[in-house]
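Please read them with the coordinates open.

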Amino acid sequence: MTATETAIGEPDWRRAADLVEGAGTLALACHVSPDGDALGSMLGLGLALARSGKKVVASFGDRMFEVPRLLRFLPGQDLLVEPAAYPAEPELMITFDASTMERLGLLAPHAGKAGELLVIDHHVSNTRFGTVHLVDPSAASTTMVAEELIHRLGLPVDRSVATCLYTGLVTDTGSFRHSVTTPAAHAMAGRLLETGLRPEELARELWDRSPYAYLPVLGAALGRATLEPDAAGGHGLVWTYVTRADRAAQGLPYDEVEGVIDVVRRVDEAEVAVVLKEDDAGGWNVSTRSKGVVDVARACAALGGGGHARAAGFSSALAVADTMAALRPLLTPPPSHLPPPHPHRTEP
């Protein structure tokens with residue numbers, strides 16, 4: 001991403017750079033249950049700033065403060081502090097990949113008391129809850145915005161910083177398979193590879209590792225998968241769920257079931273895939289995926305969540321059946337998309 005490609009205005013870039021350069025302590029925060037883009041953008045910028053001599057603290061507002069196992073290879077985790085140790089009234093707070101203040105969880109009150117609040121994001125649903133915004137919906141990942149800020153601050157990108165930024169880029173683009181992938185995304189990947197990072201090593205950490213206990217849990221989820229051909233405006237819905245009892249029986253931590261949606265979404269007969277995952281407290285986190293006809297971000301936003309048109313999520317305190325009953329009618333294509341003919345129906 002370059003200044004000529006970004007959707008962010010020059011005054012915002014200059015204001016953001018001035019705030020960062022003038023702050024004594026930088027308090028960084030990403031959204032709860034951080035994914036690769038959230039943690040990668042925060043730690044990437046945090047490392048670059050810390051190595052320039054800045055005092056940096058970083059965190060995310062989960063009650064169970066723990067980096068997901070799949071992301072524990074990321075450099076820069078020495079910058080992380082638990083929410084209880086986070087500055088109560090930060091001089092400058094910078095948020096990453098959070099479209100609303102509520103997505104900051106326990107750190108939302110800190111954001112409300114910050115002297116300046118710099119929001120770095122790429123979600124079109126961002127509510128502009130800060131005092132300065134670097135929000136570019138055309139960017140494939142938040143790490144693309146973070147990399148541009150690093151460049152504008154004149155900071156070097158070494159292999160450690162690149163590892164964090166590349167992780168956010170490849171996870172949000174699905175290894176460059178998703179429609180958000182742009183020439184700018186590939187150009188950024190090229191720049192990061194020049195630092196010497198090994199993409200095959202990152203790919204193994206992110207996608208090619210699971211404990212054996214994951215297999216029976218995945219099998220249980222697939223065994224209860226349901227296909228609804230008439231749902232999603234006739235484009236099809238496939239959904240399933242993973243209970244905490246499933247995981248407890250195998251001693252599998254919650255964050256190990258993130259990949260179930262990537263298996264379920266492959267079903268040819270369904271436009272939309274949904275996986276409900278019960279956390280350790282008994283609540284449900286719902287992941288949704290679309291192949292392009294249905295805007296799942298709109299559906300999830302109506303239920304208090306958000307995300308992208310083809311990948312979004314929300315949380316629910318309702319039972320599985322009630323959660324699906326609330327979600328199902330929201331999974332509608334725009335009027336221009338007529339339902340396809342039934343795959344086994346012979347037209348007259």
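1. Start just after helix 4. There, G154 takes a positive phi of about 75°. Keep in mind throughout that this is a predicted model.

2. Helix 4 itself spans residues 142–152 and is mostly covered. Nine of its eleven residues are buried. They are T142, T143, M144, V145, A146, E147, E148, L149 and I150. Please look at both side chains in your viewer.

3. What do the buried residues of helix 4 pack against? The partners include four helices: helix 1 (10–22), helix 2, helix 5 and helix 6 (183–193). Strand 4 (116–121) and strand 5 (132–135) are also partners.

4. Take helix 2 against helix 4. Their axes come within 8 Å and cross at roughly 10°. The two helices are therefore roughly parallel to each other. On the helix 2 side the contact uses D37, G40, S41, G44, L45 and A48. On the helix 4 side it uses T142, T143, A146, L149 and I150. By class, this contact has five nonpolar, five polar and one charged residues.

5. Next, helix 4 against helix 5. This pair packs at an angle of about 150°, with the axes 8 Å apart. T143, M144, A146, E147 and I150 of helix 4 meet V161, C164, L165, G168 and L169 of helix 5. The residues here divide into seven nonpolar, two polar and one charged.

6. Helix 2 also packs on helix 5 (residues 159–172). The axes of the two come within 8 Å and cross at roughly 160°. Helix 2 is therefore roughly antiparallel to helix 5, as angles over 145 degrees are counted that way. The crossing is left-handed. Helix 2 contributes G36, D37, G40, L43, G44, L47, A48 and R51. Helix 5 contributes S160, V161, C164, L165, T167, G168, T171 and D172. These residues divide into six nonpolar, seven polar and three charged.

7. Now the core. The largest nonpolar core has 57 residues. Which of them touch the most other members? They are L26, L39, I94, L118, I120 and L134. Helix 2 (residues 36–51) gives this core its largest share, eight residues.

8. Leaving aside neighbours within four places in sequence, L39 is in contact with C30, P34, F60, V67, L71 and L74.

9. W284 is placed in strand 9 (residues 284–290). With a relative accessible area of 9%, W284 is buried. Not counting residues up to four places away in sequence, W284 touches Y241, V242, T243, L276, K277, E278, F314, S315, S316, L318 and V320. R244 is 40 residues from W284 in sequence, and their C-alpha atoms are 9.7 Å apart.

10. Two backbone points need a check. Most residues other than glycine have a negative phi. D97 has a positive one, near 65°. D97 is found in the loop between strand 3 (92–96) and helix 3 (108–112). Is D97 buried or exposed? Its relative accessibility is 3%, so D97 counts as buried.

11. The other is R128. Its phi is positive, about 55°, although R128 is not a glycine. R128 sits in the loop between strand 4 and strand 5. R128 is partly exposed, with a relative accessible area of 41%. D97, by contrast, is buried.

12. Last, P183. P183 lies in helix 6. With a relative accessible area of 72%, P183 is exposed. P183 and R72 are 111 residues apart in sequence and 29 Å apart in space, C-alpha to C-alpha.

Note on methods:
Residues numbered from 1 in each chain as written. Predicted model: local features only at pLDDT ≥ 70, side-chain atom pairs only at ≥ 80, totals over all residues. Heavy atoms only, no water. Core = buried A, V, L, I, M, F, W, Y, C linked by side-chain atoms within 4.5 Å. Buried < 20%, exposed > 50% of the residue type's maximum accessible area, 1.4 Å probe, protein only. Contact = heavy atoms within 4.5 Å. Axes fitted to C-alpha atoms, helices over the stretch in contact; angles between N-to-C directions. Parallel < 35°, antiparallel > 145°, perpendicular 65-115°, else oblique. Left-handed = near helix turned anticlockwise from the far one by under 90°. Nonpolar A, V, L, I, M, F, W, Y, C, P; charged D, E, K, R; others polar.
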